[in-house]
Amino acid sequence: MAETLPRPRPGAVSRLAGVTARHPIATVVAWVLLLALAVGTAVFGLTGETLFQRLEGDAPSVDGEASHADDVLAGDEAERESYTVLVYGVPWTDPGAAAITADLAAELAGDDAVTLAAPFGVPPLADGSPDPRVARLVAEDGEGFLITATVEGSATEEPPAALVDEVLTTVQEAADDFRAEFPDATVEVGGSSLIVDSILAISENDLRRGETVALPIALVVMLIVFGGFIAAGVPLVGAGAAIGGGLGILFGVTLVTDIDTTVINVVTAVGLGLSIDYGLLMVSRFREEYRGRAGVDGIGRATRLAAIARTAGSAGRTVVFSGVIFLIASAGLLVFEPRMVRAVGLGAMAVTLIAIVSALTLIPALLSLTGDRLLRPGLLTRIPGVGRLISRFGDVAPKEGFFSKLTRRVQRHPAIVTIACALALIIVGSPIATLRLANTSVDATPSSSVQYDFIRTLETEFPDATTPRVALVTQTEADGEEWGQAVADLEHVASVGDTREVGEAWQTDVRLDDPQNGVAVVGEIRADRAAVQADARANGLGDAWVTGTDARTTDLGNSLLASAPWAVLILALGTIVLMFLMTGSLVIPIKALVASALSLGASIGVLVWGFEMGNFAGIMGFDASTVHGVDVLVLLLTFIFGFGLAMDYEMFILSRIKEQADAGVEATEAIAIGLQRSGRIITSAALIIIVVFAGFATGDLMVIKQLGTALAVAVLLDATLVRCLLVPAFMTWQRRIMWWAPRWMKRLHARFGLTD
């Protein structure tokens, strides 16, 4: 099989792989030392803090109207830390509750930096309802109350850590007193820092769970592909290198900027998938090359090194092209405003670089050390039934098989198949028409969080004490009341609260009939604001803003949308240039862009159907009522990373087809042979990627659950419907123009075209 392949010119990739293959032990030792440094830094840190201890738990945000309104409401810029005792099931007028609260106040009274807010001590109104000054601290039905202890810092310094810990301990002791006094009541302690700590713990657990699910199944897939533990283990070693190196680099990133918990999980999943894919491709091609050359030159070091060089010149070159496209896609994230998005982009670029370098240095070194054993039948092939399974699904495909037969069937009616596949993808993606944006980092707190009961009870029984989904902010009370009256008549607005003074402004909360309508209500309020604001200014009143959870989500979506054209330009232009330099064709990269757009649109459609419409709630174990749409961050990362992964398989297939075309094979036959020789590896690589992302989708954080599902579906559609049917059908249908480019571009390719 290998004798028919064109011999690539020796180049940088082959030389690099050749050096590491000739000095395998030194290469492996160097990698071990570098990874020990990286992992040690991430686990133990340079300042006593581990990587996970340096992570933030904030939701992605941008500088927009809502953030400006929040700054106005904050008034002074003093840092503060608050802890709240939530008691539900006890009337707020209960004297026993007041006595426990008085004891808590007495214990906290020794420091002026500590203040306590509670509804006790303020007489109720004549009708028995709480005074408006403390109404937000009382449950809607009067059967509960909140007590909040706040530790004040300054504009430049956070509250003293020792004092914060002391206050938390005192508050928790008071909660224990409430539990003892009222055993049937719900008593919880919550606060922003406690919520962040719980999210960090869940993120770390999700990471371990994702790896625990993905790696064993990936090993089983590679055992079936390669038939032995040694060959299957080589790509996993590369995966370990990518993950370990990536964690070390991410720790370095935390020294210059804050990064979120989501970044770790996303970057780890991407690095794991890419490195296994690249390792799988290198090992498979090496086994093919070594078998071919061993049949002529015999087994030995010289033959092994020559096979490694040819592997690097073909599969290694494909890895470079694929990796560079993924780097370009990740670089597109750097144009967006949210710090979290840029951090994901930097992390993805880092692990992609490590995956590429690992495939071109560490993998050749391991192949050099284990090469001869990779040709021998593994122990698994001797197990009855397993050997037949391995021969059917192994990495080295026969000249004729399932994929070549499928391709020839497709080639009988290429136009019909092309149109049918495109229509199928459009239909699968049709739910995207009802897409609603959400911020699941805020909405969908996992039930496994130790703060879940606190958050849910607060939302259901103390709605006025929660962060409003929509709020009006004005500089005068009259302006707020007037605007509130106008907003109350809008569709999906259930009611409008009283206008109250907060910080340096006045806030009016807007209650919705359904949280899913929040983003739409924000848009409608802002669209109708011009007349209200002009009228207010004419009467000498101040500016007006809209804030709240859904307003911040709207601002985030608008910011991402504003930067999206630049990201698309970077991605499309980079892909066209790189694929043109590789193939000399202008049609092929445009075809790749269109096919990827169709498969990504379909994956988003599945995401909307499964999460926004709640159809995945049962199988994936989440509360559909807390998921109000597709996470804004997930939508962006699905398009970016989904495209990068799709280009992986495009490159795998295209490199094989181009080898045949360059060797003078007729166009339709080149497509069939290319699919046959790459089909098994693409299927195996896609299955592993699906397993990796599905493993992370079993986690509890909704943003990771949605992203894992979306990327798994994107890869599934791309590796089956797109690569096995749409691509060969379209390439056959348009074979006369498939390698076309203008003459001036052909001259450029002749001069600057990329080879090994």
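Select arginine 456 to begin: this residue is buried, with a relative accessible area of 14%. The model on display is predicted. Glutamate 459 is partly exposed, at a relative accessible area of 37%. Both residues belong to helix H15 (residues 452-461), where a spacing of 3 residues separates them by about one helical turn. An α-helix has 3.6 residues a turn, so residues three or four places apart point the same way.

The structure holds 24 salt bridges. For another, select glutamate 650 and arginine 723, whose side chains meet at 2.1 Å, N to O. Glutamate 650 lies in helix H21 (residues 632-662) and arginine 723 in helix H23 (residues 702-733), so this pair ties together parts that are 73 residues apart in sequence. Glutamate 650 is buried, with a relative accessible area of 2%, and arginine 723 is buried as well, with a value of 0%.

Next, select glutamate 400 and arginine 408, a salt bridge with its closest N and O atoms 2.8 Å apart. Here glutamate 400 is partly exposed at 42% relative accessible area, and arginine 408 counts as partly exposed at 27%.

To view a network of salt bridges, select Arg285, Glu288, Glu289, Arg310, Arg656 and Glu659. Then display helix H9 (residues 301-331), which bends by about 35° at alanine 312. Of the 31 residues in H9, 24 are buried, leaving the helix mostly covered.

Turn now to the strands. Strand E9 (residues 544-547) directs Ala544 and Val546 one way and Trp545 and Thr547 the other, and all are buried. Strand E6 (residues 470-474) pairs with E9 in the antiparallel sense over 4 bridges, with valine 473 opposite tryptophan 545. A further antiparallel pairing, over 5 bridges, joins strand E1 (residues 80-88) and E4; within it, valine 85 has valine 189 as its bridge partner. Strand E4 (residues 186-190) has 4 of its 5 residues buried, so it is largely enclosed by the rest of the structure.

Move to threonine 170 in helix H5 (residues 161-181). Threonine 170 counts as buried at 11% relative accessibility. Its contacts, not counting residues up to four places away in sequence, are Leu104, Glu107 and Leu108.

Finish at the surface by selecting Val335, Trp566, Leu569, Ile570, Leu573 and Val577, a nonpolar patch with about 540 Å² of accessible area together. Valine 577 is placed in helix H18 (residues 549-583) and is partly exposed, with a relative accessible area of 41%.

Key. Residues numbered from 1 in each chain as written. Predicted model: local features only at pLDDT ≥ 70, side-chain atom pairs only at ≥ 80, totals over all residues. Heavy atoms only, no water. Buried < 20%, exposed > 50% of the residue type's maximum accessible area, 1.4 Å probe, protein only. Helix = DSSP H or I, 4+ residues; strand = E, 2+ residues; numbered from the N terminus. Pairing = 2+ DSSP bridges. Bend = angle between axes of the 7 residues up to and from the residue. Patch = residues over 30% accessible without salt bridge, like charges linked within 9 Å, V, L, I, M, F, W, Y side chains within 5 Å. Areas by Shrake-Rupley, 256 points an atom, 1.4 Å probe, with all protein chains shown as cover. Salt bridge = Lys/Arg side-chain N within 4 Å of Asp/Glu carboxyl O. Contact = heavy atoms within 4.5 Å.
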